[in-house]
Amino acid sequence: MTTRRIAVITSGLSQPSSTRLLADRLADATARQLQSLGFDADVQILELRDTAQDVVNNLMTGFPSPKLEKAIETVTGSDALIAVTPVFTTSYSGLFKSFIDVLDPQSLTDLPVLIGATGGSERHSLALDYAMRPLFTYLHAVVVPTSVYAASSDWGSTGDQAAGALPDRIDRAARELAKLAAESDRSSRVVDPFALPAGFSPVGGYGAQ
């Protein structure tokens, strides 16, 4: 079967974390949905805390380390992205935003994205719609209609068993992402490392008159 590359970024700080747990559930559900459509899924999960120092260095110097460069290529060269963050102070985490900031602003154009978040209270679920969705819309990504928020009450007493309506939301969002990923050809595109950015003019912003 044809393979689709699914990148997963999770910015949980603890280990284990509910953020990683949600990311795993979303990735597994998306892989199942892709299989039902006749596609294999190559899922690559990135724990952003493993590249935290590299991200800070990149923000200060403008140059990514080989480790960070590989993580960036994993995201920008995927057919679809699952992005999950804990909610801190009513928005995405600083680590999550810092990683997004080191990406080329054009690199996520037309990329199918499923957004998810975790938090202690259901009150923070709106952060998905007033913070995360506008962020990826600004970057011209295609965000699936269903976002997934998991509060502490959505998990079982062991922390490893979904409860209530969370499985339904996960399946619905995964189905939406899988349909877009099945139509994507991003991972098979040949990228020219010497290509100039769109809109580049050798005579400056005014162009030739």
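A: This is a predicted model.

Q: Where does threonine 90 lie?
A: Threonine 90 is in the loop that runs between β3 and β4 (91-92).

Q: And what is the phi of threonine 90?
A: The phi of threonine 90 is near 65°, a positive value in a residue that is not glycine. Most residues other than glycine have a negative phi.

Q: What about aspartate 110: which loop is that in?
A: Aspartate 110 belongs to the loop between α4 and β5. Its phi is also positive, near 70°, and aspartate 110 is likewise a residue other than glycine.

Q: Is aspartate 110 buried or exposed?
A: Aspartate 110 is exposed because its relative accessible area is 52%, and the cut-off for exposed is over 50%.

Q: Changing topic, which residues touch the most other members in the largest nonpolar core?
A: That core has 35 residues, and those touching the most other members are Ile9, Leu81, Phe96, Phe99, Ile100, Met132 and Phe136.

Q: Which element gives the most to this core?
A: The answer is α5, with six residues. Elements giving two or more residues include β1 (2-10), α3 (66-76) and β7 (148-151).

Q: What does phenylalanine 136 touch?
A: Leaving aside residues up to four places away in sequence, phenylalanine 136 touches Leu81, Ala83, Phe96, Ile100, Leu108, Val113, Ile115, Ala141 and Val143.

Q: How many residues are in the second core?
A: This separate core has 26 residues, among them Leu34, Val84, Leu114 and Ala181.

Notes:
Residues are numbered from 1 along each chain as its sequence is written. This is a predicted model: local features need pLDDT of at least 70, side-chain atom pairs count only at pLDDT 80 or more; totals for chains, interfaces and linings use all residues. Side-chain values use heavy atoms; hydrogens and water are left out. A nonpolar core is a set of buried Ala, Val, Leu, Ile, Met, Phe, Trp, Tyr and Cys residues joined through side-chain atoms within 4.5 Å. Buried means under 20% relative accessible area, exposed over 50%, partly exposed in between (1.4 Å probe, protein chains only). Helices (H or I, at least four residues) and strands (E, at least two) are DSSP runs, numbered from the N terminus. Contact means heavy atoms within 4.5 Å.
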